[in-house]
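Please look over the sequence and the structure below before reading on. The report that follows takes up a few places in turn.

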Amino acid sequence: MTGSTAPPFADALAAGTLVLDGGMSNQLESAGHDLSDDLWSARLLAERPEAITEAHLAYFGAGADVAITAGYQATFEGFARRGIGRERTAALLTLSVDLAREAAARAHAEGVARPLWVAASVGPYGAMRADGSEYRGRYGLTVAELERFHRPRLEVLAAAGPDVLALETVPDTDEAVALLRAVRGLGVPAWLSYTVSGGRTRAGQPLEEAFALTADADEVIAVGVNCCAPEAVDDAIRTAARVTGKPVVVYPNSGESWDARSRAWDGRSTFTAARVARWRDAGARLIGGCCRVGPEAIASVAASLRGTR
């Protein structure tokens with residue numbers, strides 16, 4: 001845990017609502033870093049790690065209690081395409097946790113008094129492919145093949161000592177089953193969050209079935225959704241809480257849409273403080289943002305939640 005007075009993450013979650021950070025990529029881009037690369041923000045683990053620390057620090061300063069690391073797109077296979085071997089990749093995965101710890105230490109040194117935690121990001125198989133397939137799922141791989149993909153990275157991240165593993169942006173139930181198998185026995189709690197649309201996973205499975213997979217998984221201490229429209233969150237919270245009885249995690253996108261042809265965001269943000277209060281009242285216990293949700297929005301989340309935590 002981060003800071004000598006911080007309780008274990010599961011205990012803090014049981015005690016009240018925690019504020020997650022926002023999008024890593026948009027914060028890095030706002031600082032002038034080019035992420036038009038298959039490795040996305042993970043490239044900066046190797047090239048500009050100090051930029052990642054600064055991004056985490058911005059969110060802690062805005063009011064986040066939990067930093068999600070920059071490891072979403074960091075995989076042995078992805079780095080291998082750049083000629084980076086397994087030993088160096090393992091060091092970069094460990095570094096992703098260390099940088100968030102460093103940011104928490106700096107935040108405390110700069111006057112942040114509340115406990116801070118680190119969640120090690122574990123992105124889906126499709127993130128490694130860098131072709132948008134994490135929003136479709138159904139990769140043509142078996143559950144066993146997906147488990148073999150995820151387990152080595154999870155072992156390295158667990159050994160780095162995060163407070164929790166963030167199994168995030170999961171598009172379908174096959175990958176959820178693989179992740180639930182891969183996380184067993186690691187000794188680190190996890191949350192699992194699906195990316196959803198229209199009340200279903202991106203692959204089209206009913207959310208009730210998807211969430212039910214986690215109900216008896218002792219390693220999973222929270223379940224929910226991320227990287228989806230804010231409008232998709234309310235029903236997902238109710239379903240997750242009813243089916244699993246676990247704390248619910250939600251961190252949607254801003255509500256803008258990505259135009260792949262022009263490689264630009266379109267529309268307006270629908271991520272509002274009024275929604276955040278409603279999510280808390282519906283049972284969400286970990287609330288933050290994903291793509292296009294920056295420190296200013298996280299500050300509004302913290303302001304909305306802090307009075308009743």
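## A buried aspartate

The backbone nitrogen of Ile 68 lies 2.9 Å from a polar atom of the side chain of Asp 21. Asp 21 itself sits in the loop that runs between strand 1 (18–19) and helix 2 (24–30), where helices (H or I, at least four residues) and strands (E, at least two) are DSSP runs numbered from the N terminus. Asp 21 is buried and yet has no salt bridge, the nearest side chain of opposite charge, Arg 114, being 11 Å away. Here buried means under 20% relative accessible area, with a 1.4 Å probe and protein chains only; a salt bridge is a side-chain nitrogen of Lys or Arg within 4 Å of a carboxyl oxygen of Asp or Glu.

This is a predicted model, in which local features need pLDDT of at least 70 and side-chain atom pairs count only at pLDDT 80 or more, whereas totals for chains, interfaces and linings use all residues. Residues are numbered from 1 along each chain as its sequence is written, and side-chain values use heavy atoms, with hydrogens and water left out.

## Helix 6

The buried residues of helix 6, among them Leu 92, Leu 93 and Ala 100, pack against several elements, including helix 4 (49–62), strand 3 (117–122) and helix 8 (143–159). Helix 6 is followed by Gly 111, whose phi is positive, near 110 degrees.

## The nonpolar cores

Of the 75 residues in the largest nonpolar core, Leu 165, Val 250 and Trp 279 touch the most other members. The largest share of this core, nine residues, comes from helix 6. A nonpolar core is a set of buried Ala, Val, Leu, Ile, Met, Phe, Trp, Tyr and Cys residues joined through side-chain atoms within 4.5 Å.

Methods. Buried < 20%, exposed > 50% of the residue type's maximum accessible area, 1.4 Å probe, protein only. Contact = heavy atoms within 4.5 Å. Lys, Arg positive; Asp, Glu negative; His and termini not counted. Polar contact = N/O pair within 3.5 Å; in protein donor to acceptor, adjacent residues only side chain to side chain.
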